[in-house]
Amino acid sequence: MTANSSPSSPSPQRTATGVPRAGGAGTIGDLTVSRIGYGAMQLERLRDDRDAAIALLRRVVELGVDHVDTAQFYGNGFVNGLIRDAFRPEDGVVVVSKVGADPDPDGPFPMRPAQRPEQLRASVEENLGSLGLDCIPVVNLRRLDTQPGLRAEGDQVVDLDDQLAEMTALRDEGKIGAIGLSAVTLDGVRRALPAGIVCVQNLYSLVTRDDEEMLRLCTEEQIAWVPFFPLGGAFPQLPKVTDEPAVTALAKTLGRTPAQVGLAWLLHHAPNTLLIPGTADIGHLEANVATGTVELDDAAMAALDAVESRPLAEISFG
């Protein structure tokens, strides 16, 4: 992919290739994107079958998805390279990357904290190189403030204001188009508002709704809400949306899968929600995109809203 300008399309309801947007139209900053996007992290599973990975990304475009989430630390640049090679300028794909961690392929975890301002800048440069771009449309600053996952220690404990100053400088230099936040607290979002953030990525699903107040703030401020682990279960300790009796019962009634019902609840729950479910399987990709056609009436939403949310603070991640 070599496109360096903001993608455009002839109609807000269609992508640049003329395909109806998956899940309808949403916005991230001043960009119009499909509400159902694609999270590319799992593409690393196809490291030994590059052709299959490229084919999956081409299918993403065919299905009306034009919002793809990635990071340099996904497969140590492997996933970014796939995105660079699979997408064409005329596809109009909005690539959203993230900084705040570096690849650590030989470590106990495939990434390590990289929170210092100079590390954020270096990561942006690495993303630009591996993606083949002059400007990344949106870059999320991945904080390490919340469970589960990496936590900052020592010189990796960096004040948010110092990080935002570096991100703003990168935006002013034209290396990134807009700034987002990931794994952030409510106080962090409030502090970042003056920087003009366009999206927030946090762990959030039907069964882990700790950030409801943050979601309301983002809705009021017209900031895109991009939940990760949208079905829970990514860590063994996390509850799974698809295990909930209310979800499985409704799925049976609608002739849908429990995963589709869980994702559809997110779309119906807040108008600024953008989904980025990830998969390395084209069949699962197609099922995720079909979530956009799931209709939930008031009774269905009431049944799902009544599902218990388990506070993350009460979950031990060891």
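**Salt bridges, aromatic pairs and nonpolar cores**

With a relative accessible area of 25%, Arg121 is partly exposed (20% to 50%; buried is under 20% and exposed over 50%, with a 1.4 Å probe and protein chains only). The model is predicted, so local features need pLDDT of at least 70 and side-chain atom pairs count only at pLDDT 80 or more, while totals for chains, interfaces and linings use all residues. Residues are numbered from 1 along each chain as its sequence is written, and side-chain values use heavy atoms, leaving out hydrogens and water.

Arg121 forms a salt bridge with Glu166, with the closest N and O atoms 2.5 Å apart (a salt bridge is a side-chain nitrogen of Lys or Arg within 4 Å of a carboxyl oxygen of Asp or Glu). Glu166 belongs to helix α4 (residues 160-172) and Arg121 to helix α3 (residues 117-131), so the pair ties together parts 45 residues apart in sequence (helices are DSSP runs of H or I, at least four residues, and strands runs of E, at least two, numbered from the N terminus). Glu166 counts as buried, at 18% relative accessibility.

Across the whole structure, a search finds 19 salt bridges. Asp85 and Arg50 meet through their side chains in one of 2.5 Å, N to O. Because Asp85 lies in helix α2 (residues 78-86) and Arg50 in helix α1 (residues 50-62), this pair ties together parts 35 residues apart in sequence. Arg84 joins Arg50 and Asp85 in a network of salt bridges.

Turning to the rings, the search of the whole structure gives four aromatic pairs (Phe, Tyr or Trp rings, the six-membered one for Trp, with centres within 6.5 Å; planes under 30 degrees apart are stacked, over 60 edge-to-face and the rest tilted). Phe73 and Tyr74 pair edge-to-face, at 5.5 Å centre to centre and 90° between the planes; Phe73 and Tyr74 are buried. Tyr204 and Trp265 form a stacked pair, at 6.3 Å and 25°. Here Tyr204 sits in the loop between β10 (199-201) and α6 (212-220) and Trp265 in helix α8 (residues 258-269), 61 residues apart.

Finally, the largest nonpolar core has 81 residues (buried Ala, Val, Leu, Ile, Met, Phe, Trp, Tyr and Cys joined through side-chain atoms within 4.5 Å). Its largest share, six residues, comes from α8. Apart from this core lies another of 13 residues, including Val33 and Leu274.
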